[in-house]
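We will go from stop to stop, with something to select at each one.

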Amino acid sequence: MDELQCPACGETESLIGREKGELIEITCETCDQRWSRDPNALPICERCDSDDMEGAVKAIVEKSRGSQLSIVATQVVYLCRSCDESILASYRIGRSPLMPDQLPTQ
Ligand SMILES: [Zn+2]
Ligand SMILES: [Zn+2]
């Protein structure tokens, strides 16, 4: 079992897990990020089959009036520590949500 880490702020200590059906819902006391984890289906990299994954927060954006993109929600995604190494490296610095690969078009 790998260590639990808040995908939003990197906290590893102040995390509260609560069972919610099949899932465990985790709340970070430091930044209030909430996410759930399926203990029977740990994230695995589709490309290299590694389970050495790290959580990150990804933004869900919508185009608001004009051409401004605004973040309407966030989701937790898992990135592979080897395939997505460069994305993770820059994510760890600022911990601002990752932008979607495809931005909505008009
Ligand atoms: Zn946090
Ligand atoms: Zn991989």
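Leaving aside neighbours within four places in sequence, which residues is Arg-47 in contact with? Select Arg-47 and look around: the contacts are Cys-80 and Cys-83. Please keep in mind throughout that this is a predicted model.

**Stop 1: Arg-47**

Stay with Arg-47, which is found in the loop between strand 3 and strand 4. Arg-47 and Cys-83 are 36 residues apart along the chain, yet their C-alpha atoms are separated by 7.5 Å. Is Arg-47 buried or exposed? Arg-47 is exposed, because 10 other C-beta atoms lie within 10 Å and a residue with 12 or fewer counts as exposed.

**Stop 2: the whole chain**

Zoom out. The protein chain has 1 helix and 5 strands, and along the sequence they follow the pattern β-β-β-β-β-α. The C-alpha trace spans about 45 × 30 × 25 Å along its principal axes. Of the 106 residues in the protein chain, 14% are buried. Among contacts with a separation of 6 or more, 45% are between residues 24 or more positions apart.

**Stop 3: the two domains**

Colour residues 1-42 one way and residues 43-106 another: these are domain 1 and domain 2 in the domain assignment. Their C-alpha centres lie 18 Å apart. How many residues of each domain are in contact with the other? There are 8 residues of domain 1 in contact with 8 residues of domain 2. On the domain 1 side, the residues that touch domain 2 comprise 5 nonpolar, 3 polar and no charged residues.

**Stop 4: the core**

Next, select Cys-6, Ala-8, Cys-28, Met-53, Ala-56, Val-57, Leu-79, Cys-80 and Tyr-91, and show their side chains. These 9 residues form the largest nonpolar core. Strand 4 (53-63) and strand 5 (69-80) are the elements that give two or more residues to this core, and strand 4 gives the most, with 3 residues. Where does this core lie relative to domain 1 and domain 2? Both domains give residues to the core, so it lies between them. As a general background, nonpolar side chains in soluble globular proteins tend to be buried together.

Now centre the view on Ala-56, one of the core residues. Not counting residues up to four places away in sequence, Ala-56 touches Pro-7, Val-77, Leu-79, Leu-88, Tyr-91 and Leu-98.

**Stop 5: two hairpins**

Strand 2 (residues 23-28) pairs with strand 3 (residues 34-37) in the antiparallel sense, over 4 bridges. Click on Ile-24 and you will find Arg-37 of strand 3 standing opposite. The hairpin has 5 residues between its strands, and Asp-32 takes a positive phi near 70° there.

Then move to strand 4 and strand 5, which also pair in the antiparallel sense, over 11 bridges. Select Lys-63: its bridge partner in strand 5 is Leu-69. This hairpin has 5 residues between the strands, and Gly-66 in the turn has a positive phi of about 75°.

**Stop 6: helix 1 and what follows**

Select residues 85-94, which are helix 1. How many of the 10 residues of helix 1 are buried? The count is 1, leaving the helix hardly covered. Arg-95 counts as partly exposed, because it has 15 C-beta neighbours inside 10 Å.

**Stop 7: back to the loop**

Is Asp-49 buried or exposed? With 8 other C-beta atoms within 10 Å, Asp-49 is exposed.

Conventions
Residues numbered from 1 in each chain as written. Chains lettered and ligands numbered in written order. Predicted model: local features only at pLDDT ≥ 70, side-chain atom pairs only at ≥ 80, totals over all residues. Core = buried A, V, L, I, M, F, W, Y, C linked by C-beta atoms within 7 Å. Buried ≥ 20, exposed ≤ 12 C-beta atoms within 10 Å, placed from the backbone. Domains from an automatic or database assignment. Contact = placed C-beta atoms within 7 Å. Pairing = 2+ DSSP bridges. Nonpolar A, V, L, I, M, F, W, Y, C, P; charged D, E, K, R; others polar.
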